[in-house]
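Subject: Structure handover

Hello,

Here is the structure for you to take over. Please open it alongside this message.

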Amino acid sequence: MTAQQKKINAAQLVIKKIKPGMSIGLGTGSTANEFIHILGKDKNLSQSLKCTSSSNQTIEIAKNYSIECLELDQFDYLDITIDGADEIDKNGDMIKGGGGALLREKMLANISKEYFIIIDDSKSVKTLGNFPLPIEIIPFSPKSTISQLDKVFKKYQMISQIEIRVDATGSNFITDGGNFIVDCYCKKILNSKELNPEIENIPSVITTGLFLNMSSSVIIGYDQYATEFNFDR
Ligand code: 5RP
């Protein structure tokens, strides 16, 4: 069974949460895309919704199904946001941003009444950190930001190699918001709750890929089925 089928199984379970007329945040990445493919085929449902998206890439995918993504400014809140994750632990804390959409993903999550994460079972981990932690930073003087990040990691006895993300052409990757991303190879993040605010306190850091205490439900797709875990937030 392929990872794609596991993602489809998770997406098929989460679609049951969507009711006509809801306001929906559409996440970014291959798993979120499976959700959009399923939603898009249900014209009655998809055309009744008010949607917004976490990336330009998702806007284009939604367009294939005539799903219009409105500006986030049009919403005071979202009923549900559906998104994927790069890693998630048993508390529902996550690393996100592998696709570079972390800032807008966090903005959507922040105004969502319910935040559903859909993943295949490979994303479920005991300890966060094997996946490199993405951090979105302003493009001005990235070396200075990196040296400040380095100091914070050292304070927590973490050895982290920090690399500016590059695209397929070798140029610095630019986010939809016009920023850079650095990927931090931490291996293990044991103290995310203390670490995260310190990182976000660096003036040139926009946000991190640590999504803590945010997910209301996680749906894990396996070979033949998917399972839902709920968190009291
Ligand atoms: C994009 C993200 C994605 O949700 C995350 O990278 C998972 O992607 P995929 O479903 O393709 O594995 O955070 O910024």
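This is a predicted model: local features need pLDDT of at least 70, side-chain atom pairs count only at pLDDT 80 or more; totals for chains, interfaces and linings use all residues.

Ligand site

The ligand is surrounded by 16 residues. The closest of them are Ser30, Thr31, Asp86, Gly97 and Lys123. By class, the shell holds nine polar, five charged and two nonpolar residues.

Asp86 places a polar side-chain atom 2.6 Å from a ligand oxygen. Lys96 also uses its side chain: an N or O atom there is 3.0 Å from an oxygen atom of the ligand. Gly97 uses its backbone instead, with an N or O atom 2.8 Å from a ligand oxygen. As for cover, the ligand on its own has 370 Å² of accessible area, and the protein covers 90% of that.

The seven-stranded sheet

Seven strands make up an open sheet with mixed pairing. Their order is S3-S2-S1-S4-S7-S13-S14. The edges are S3 (69-70) and S14 (226-230), each of which pairs on one side only.

Inside this sheet, look at S1 (residues 23-26) and S4 (residues 78-83). These two strands run parallel and are joined by three bridges. Which residue in S4 is the bridge partner of Leu26? The partner is Ile82.

Helix H2 covers residues 30-41. Ser30 and Thr31, named above among the residues closest to the ligand, fall in that stretch. H2 lies across S1, S4 and S7 (112-120). Relative to S7, the helix runs at about 110°.

The three-stranded sheet

A further open sheet has three strands, in the order S5-S6-S12. Here the pairing is antiparallel. S5 (87-88) and S12 (210-211) are the edge strands, and each pairs on one side only.

S5 and S6 (residues 94-95) are paired over two bridges, in the antiparallel sense. In one of these pairings, Glu87 of S5 has Ile95 of S6 as its bridge partner.

Over to you.

Best regards

Notes. Residues are numbered from 1 along each chain as its sequence is written. Side-chain values use heavy atoms; hydrogens and water are left out. A residue is near a molecule or strand if one of its heavy atoms lies within 4 Å of it. A polar contact is a pair of N or O atoms within 3.5 Å; within protein, one must be able to donate a hydrogen and the other to accept it, and residues adjacent in sequence count only if both atoms are side-chain atoms. Accessible areas come from the Shrake-Rupley method with a 1.4 Å probe; for residues, only the protein chains shown count as cover. Ala, Val, Leu, Ile, Met, Phe, Trp, Tyr, Cys and Pro count as nonpolar, Asp, Glu, Lys and Arg as charged, and the others, Gly among them, as polar. Two strands pair if DSSP finds at least two bridges between them. Helices (H or I, at least four residues) and strands (E, at least two) are DSSP runs, numbered from the N terminus. Contact means heavy atoms within 4.5 Å. Axes are lines fitted to C-alpha atoms, for helices over the stretch in contact, and angles run from 0 to 180 degrees between N-to-C directions.
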